[in-house]
Amino acid sequence: MMVYRDSGSRTSRRYLMSYEERVIGVRRHPAVLLPPIALVVGGMIACGAAAATVGALWLWWLWLLAVGWLVWKVFAWSVEFFLVTEHRVMLVTGVLNRNVAMMPVAKVTDIALERSLGGRMLGYGEFILESAGQKQALRNVRHMPYPEQLYFEVSSVIFGSTDESPD
């Protein structure tokens with residue numbers, strides 16, 4: 001069994017019960033940051049063109065707002081993570097308001113992996129968790145890195161491993 005470690009290890013520990021050990025813990029793929037990066041780059045080009053043609057230097061203040069939004073998104077990405085223990089599957093999100101979506105491993109009836117064209121090109125996928133319950137706090141987990149490997153690892157934790165060979 002592969003155990004993933006990231007710099008959020010200390011942070012993720014606070015969401016585990018005393019009897020749980022973190023088995024898998026990953027951040028979402030950095031591709032979640034592409035829209036804010038595109039906005040900042042596009043805004044810089046637009047502000048540069050506007051400042052050169054019309055002389056509207058005040059537009060750069062708007063661009064600084066976009067840069068601030070990008071910094072916020074990077075920080076939010078750095079504190080969000082997906083955890084799988086032997087008892088639960090969790091997605092922890094939020095900066096000021098922390099949200100923990102959780103599903104007991106025993107309730108998971110199926111896990112699917114979907115990969116869009118962009119996901120295949122950039123190396124991410126989406127997990128879709130199904131459970132026997134009516135309302136699910138955790139169903140879609142988007143932008144999962146190294147999706148095939150992670151899919152097999154998560155499946156082996158949830159449904160048990162039939163592979164007896166050592167790692």
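Visitor: How much of the chain is buried?
Guide: Of the 167 residues in the chain, 40% are buried, meaning under 20% relative accessible area with a 1.4 Å probe and protein chains only. This is a predicted model, where local features need pLDDT of at least 70 and side-chain atom pairs count only at pLDDT 80 or more, while totals for chains, interfaces and linings use all residues. Residues are numbered from 1 along each chain as its sequence is written, and side-chain values use heavy atoms, leaving out hydrogens and water.

Visitor: Where does Arg27 lie?
Guide: Arg27 is in the loop between β1 (22-26) and α2 (34-53).

Visitor: Is Arg27 buried or exposed?
Guide: Arg27 counts as buried because its relative accessible area is 16%.

Visitor: And what does its side chain reach?
Guide: The side chain of Arg27 reaches the backbone oxygen of Ser78 at 2.7 Å.

Visitor: New topic: which residues line the second largest pocket?
Guide: Among them are Arg28, Pro36, Trp72, Trp77 and Glu80. A pocket here is an open set of points on a 1 Å grid over the protein atoms alone, where a 1.4 Å probe fits, with protein on both sides within 12 Å along at least five of seven lines; lining residues have an atom within 4 Å of a point.

Visitor: Which helix gives the most to that lining?
Guide: Helix α3 (residues 59-79) does, with four residues.

Conventions
Buried means under 20% relative accessible area, exposed over 50%, partly exposed in between (1.4 Å probe, protein chains only). Helices (H or I, at least four residues) and strands (E, at least two) are DSSP runs, numbered from the N terminus. A polar contact is a pair of N or O atoms within 3.5 Å; within protein, one must be able to donate a hydrogen and the other to accept it, and residues adjacent in sequence count only if both atoms are side-chain atoms.
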